[in-house]
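Let's take a walk through this one together, starting at a single spot and widening the view from there. Keep the viewer open as you read.

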Amino acid sequence: MAKIFKDWHKLKKELSDIRKGKEVVLTNGCFDIVHLGHLRYLQHSAEAGDYLVVALNSDDSVKKLKGDTRPINKLDERMEFISYIKGVDFVTCFSVDTPYDLIKFIRPDVLVKGGDWPIESIVGVDIVTADGGRVESLKFEEGYSTTSIIEKIVKIYC
């Protein structure tokens, strides 16, 4: 099980204790209803370095991004769920629209997003590349989305 940190200072301390000569990877997302596309994405993210930090949008942030009916699962539940996924080492959260401040604070060596994000549009690319790190845009897993799962459920049951 991955360690869960809501306090960024504690996460940064933990990372500083282990990162000597190791690459810290950061990725982020809502991860509201986790599906196979998420699992594949997190596995590829974990393979990009030595330690994977997954940052989740807060409930208010998800609501702002996805609409008033979201999130389906509350932040604490989402964080715990993600912590059980193989390859995830640390789970944290952020309460604004983007993880820019978190990226600036923990300075990951590798920043990863899904293939629907061109590298130049990935939040934090400036920070990571200025530090000599790399940014990766992974292959987008077609046919998987939380929104489509919700739409399918609504169509069947409503």
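**A walk through the fold**

Start with Phe 31, which sits in the loop between S2 and H2. Keep in mind that you're looking at a predicted model. Phe 31 has a positive phi of about 50° even though it isn't a glycine. Is Phe 31 buried or exposed? Its relative accessible area is 4%, and buried means under 20%, so Phe 31 counts as buried.

Now hop to Arg 107, another residue with a positive phi of about 50° that isn't a glycine. Look for Arg 107 in the loop between helix H5 (100–106) and S5.

Pro 71 belongs to the loop between H3 and helix H4 (75–83).

Next up is Gly 124, in the loop between S5 and helix H6 (125–130). With 3% relative accessibility, Gly 124 falls under the 20% cut-off and therefore counts as buried. Which residues does Gly 124 touch, leaving out those up to four places away in sequence? They are Tyr 100, Ile 103 and Leu 111.

Time to zoom out. How many helices and strands does the protein chain have? The count is seven helices and six strands. Reading from the N terminus, the elements go β-α-β-α-β-α-α-β-α-β-α-β-α. Contacts tell you how the chain comes back on itself: of those with a separation of 6 or more, 73% are between residues 24 or more positions apart.

As for overall dimensions, the C-alpha trace spans about 55 × 30 × 25 Å along its principal axes. The radius of gyration is 15 Å, and since a compact globule of 158 residues would come out near 15 Å, the two agree. Of the 158 residues, 41% are buried. The accessible surface of the chain comes to about 8,700 Å², with 54% of it belonging to carbon and sulfur atoms.

Finally, have a look at the largest pocket, which has a volume of about 790 Å³. It is lined by 34 residues, and the closest to its centre are Gly 29, Lys 66, Lys 113, Asp 116 and Trp 117. Which elements give two or more residues to that lining? They are strand S2 (24–29), helix H2 (36–46), helix H3 (59–66), strand S5 (110–114) and helix H7 (146–157). Sorted by class, the pocket lining has 14 nonpolar, twelve polar and eight charged residues. And that brings you back to where the walk began, as S2 and H2 are the elements on either side of the loop that holds Phe 31.

Note on methods. Residues numbered from 1 in each chain as written. Predicted model: local features only at pLDDT ≥ 70, side-chain atom pairs only at ≥ 80, totals over all residues. Heavy atoms only, no water. 1 Å grid on protein atoms, 1.4 Å probe; cavity = no way out; pocket = protein on both sides within 12 Å on 5 of 7 lines; lining within 4 Å. Points joined across faces, edges and corners; volume = space filled by probe spheres on them. Helix = DSSP H or I, 4+ residues; strand = E, 2+ residues; numbered from the N terminus. Nonpolar A, V, L, I, M, F, W, Y, C, P; charged D, E, K, R; others polar. Rg over C-alpha atoms; globule rule 2.2 N^0.38 Å. Buried < 20%, exposed > 50% of the residue type's maximum accessible area, 1.4 Å probe, protein only. Contact = heavy atoms within 4.5 Å. Areas by Shrake-Rupley, 256 points an atom, 1.4 Å probe, with all protein chains shown as cover.
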